[in-house]
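Please look at the sequence and the fold below before reading on. The report covers strands, helix packing and salt bridges.

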Amino acid sequence: MELKKVIIENFRNILHAEFDLTSRSIFAGPNREGKTNTILAIYWALTDLLLDGSSDYQSFKPGYIEEAEVSVELVCDTFTLKKVYKGWRPRQQGSGDLGDLKHTTDYWIDGTKYKSQSEAKKTLLKLLGTDRQLDTSDFNLTRALIDPYYIGQECDYKTLRSFIVEIIGDVSNEDVFAADPALLTIRDLMSRYQYDPGLAQKFVKQQVAAVKKDIEASEQQIKGLESVQDIDATLLKEAQESITQIDKQIAGLQVQLSGRDNPQINEAKLKLSDMTLKLAESRTQDMEAVQEHNRQIEAEISRLQKVQQDATWQAQDLIRRKISAENAILGNDQKITSLKQQIEELESRRQERLKEYHTREAEEYTLPESQKEVCPNCGYVLNQDTLDTYRNQWETNKQRDLDYIVRQGKQLNNDIENLKFKADELRKGKANAEENLPLIKQQIREFEKDAQQALDSVGRLRKQLTNIVDSEQTTALKEAVKAAQDSYDNLIKAQQASMADVQAEIQRLNAEALQYRSVLDDHGAYVATQKKAAAMRFQIKTKEDTLIDFEQQSILIDRFLEIKLGLFQRRISNVFGDRVQFTLIKYNLKKGSWDEVCYPSVLDKNTPFEDGSGSEKILTGIYLAECVKRHLGLGDLPYIFDECDKLDTASLAAIPTQAQIITTKVDDVNYNKVTLITA
């Protein structure tokens, strides 16, 4: 399809314009003379929208005159189209007052007026060849074929993605699994999350983080256990040898005292040894309990610090809202005062127009007698026709002046009403801000209170952190060991009462053995902690194996996504070639997952369409539209876009399309008004 002629009436600043179009039509001229409005009129006639996709029909009307009639007529090589947009205010029954503003858009196609807009639009789409039924109902096929910016920039990514999938065909999950059998290990995982790589990856990374946190907690516990120092090997060996030697000496002395083994002494000795071992184990348990106690308190402190931080951030955000509300109250007062001054000035001017109207209306026509030409003989006025002409001309001028004053008065009335409406809106905004301000202040106080409470709780918890102390059980065991030792000593003393020297020697040896037994007790506590640390290391190894499994799943999910995107890109290349790349997935650093997107690059580059230059966007948009037309078997429609001066002359002339191009170009050097030229 090619446009041959366009006729525009009352479209924005265009009162009337007619242009005979060519295959390369460029509207050149200075700014604000109607170049863009000319192609907007054509674009609206074909799409019912403006170039940016909006439908601000009121902006079509020259000077925003409510009841103006806007008309655009297109003469194509295969049909004619005329659209008329107009508004009116019907009179209300009974009072006769004007009602709310109404609008209609009428269509004439090949000279026939259509009764309904829906039927007219359906017929127009059929004539344009864009009446194809798409599953992507929101995709505007007409705009895609005439607007180089639509596919790359104006169409939202969900609609564009659905359209791309519709024309190239979807990639099934089975296709992806078939491409790499290793992915079958995550089939159940992907199925659980409806084959959404973002959701599956989020789950896996949560598991990885949880396992890592668990491993770190276990490593911290091991670190605490390993902080228990063993006795120096030389000291341990010396203590063991010394105890052995002392025990032998004491045994010999005891035999010397009794002449035979004493069962009571042996039982007391065995009891003392058992109680000593229990004391070592109790000390180890005390140390572990204190470490666990401190770990729980530190975890609670971390949680409360997060609560305090969140509450502080919430309070800061509300403070910014409070400042914004206070500024709105003050700013609206100033704006309202300014509007009142403008209203008073306009009201003063309106009163002046009213006074001027009454003054002019009261004027009467007077004709000096000197202008009369009277016959001296009969008294007949010879130039009566001329005098009547003068009077008629004066009365015409008077009526024209009165009409002009009335128009000015109406315009002033409209301006006053508009300013009053703006003042009312500002008062409403001030009232809303004043209403919300107390609630915001209350919320600030509540969040600040929460933050302070969390801070106070942290202070109290820090006081509960403690060093290793003996539990009641350990204290009791110490006393039991001492009692067993005393019992043992008493038995020895009783047996050796008659041998003071031998007993004294045994006592000396026992006293000497105490320091060595303390060394052995400390070594026993170290051995017990190392056993527990070894068991926890084994648990960490199991958790690390689980972590590896989850990390491998994460890699396979990325591989699943990579293969699916690769299959999509190959299908996209079958339609759009290799000059443009479509980005369908983008990594979200904040969320740590993949998000769906859909945007093309500019021609022959990896630059996203929206970051391209003006010329790159135009050339890429036309290339994409040509690919869509070729794939769907559609005919040419004219390309309509603004500011072709983004392209150099050679690029404009070399655009790879047979379709008509209608565009604009700023040129205030060669032209002082809108002029149609050919590339």
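What follows is a short report on selected features of this model.

## Basis of the model

This is a predicted model: local features need pLDDT of at least 70, side-chain atom pairs count only at pLDDT 80 or more, and totals for chains, interfaces and linings use all residues. Residues are numbered from 1 along each chain as its sequence is written, and side-chain values use heavy atoms, with hydrogens and water left out.

Helices (H or I, at least four residues) and strands (E, at least two) are DSSP runs, numbered from the N terminus.

Strands β1 (residues 3-11) and β2 (residues 14-20) run antiparallel and are joined by six bridges. Two strands count as paired if DSSP finds at least two bridges between them. Across this pair, E9 stands opposite H16 in β2. The hairpin has two residues between the strands, and R12 takes a positive phi near 55°.

Strands of a sheet pair through backbone hydrogen bonds, either parallel or antiparallel. Here an open sheet of four strands has the order β10-β11-β3-β12, with mixed pairing. β10 (639-640) and β12 (675-678) are the edge strands, each pairing on one side only. Two bridges link β10 to β11 (residues 661-666) in the parallel sense. Y639 stands opposite I661 in β11.

Helix α1 (residues 35-47) packs on this sheet. Its contacts (heavy atoms within 4.5 Å) are with β3 (24-29), β10 and β11. The direction of α1 makes about 160° with that of β11. Axes are lines fitted to C-alpha atoms, for helices over the stretch in contact, and angles run from 0 to 180 degrees between N-to-C directions.

## Packing of α5 on α13

Two packed helices are described by the angle between their axes and the distance between the axes. How do the axes of α5 and α13 cross? The axes of α5 (residues 157-168) and α13 (residues 500-576) come within 10 Å and cross at roughly 80°. The two helices are therefore roughly perpendicular to each other. Angles under 35 degrees count as roughly parallel, over 145 as roughly antiparallel, 65 to 115 as roughly perpendicular and the rest as oblique.

From α5, the contact uses I164, V165, I167 and I168. From α13, it uses F568, R571, I572, V575 and F576. By class, that gives eight nonpolar, no polar and one charged residues. Ala, Val, Leu, Ile, Met, Phe, Trp, Tyr, Cys and Pro count as nonpolar, Asp, Glu, Lys and Arg as charged, and the others, Gly among them, as polar.

## Salt bridges

The model has 39 salt bridges, each a side-chain nitrogen of Lys or Arg within 4 Å of a carboxyl oxygen of Asp or Glu. One of them joins K113 to D106 at 3.8 Å, N to O. K113 is partly exposed at 47% relative accessible area, whereas D106 is buried at 14%. Buried means under 20% relative accessible area, exposed over 50% and partly exposed in between (1.4 Å probe, protein chains only).

E326 pairs with K322, with the closest N and O atoms 3.4 Å apart. Both lie in helix α10 (residues 263-362), four residues apart, about one turn of the helix. E326 is partly exposed at 31%. K605 and E616 form another bridge, at 2.6 Å between the closest N and O atoms. K605 lies in the loop between β9 (593-600) and α14 (614-632) and E616 in α14, so the pair ties together parts 11 residues apart in sequence. K605 is partly exposed at 42%; E616 is buried at 18%.
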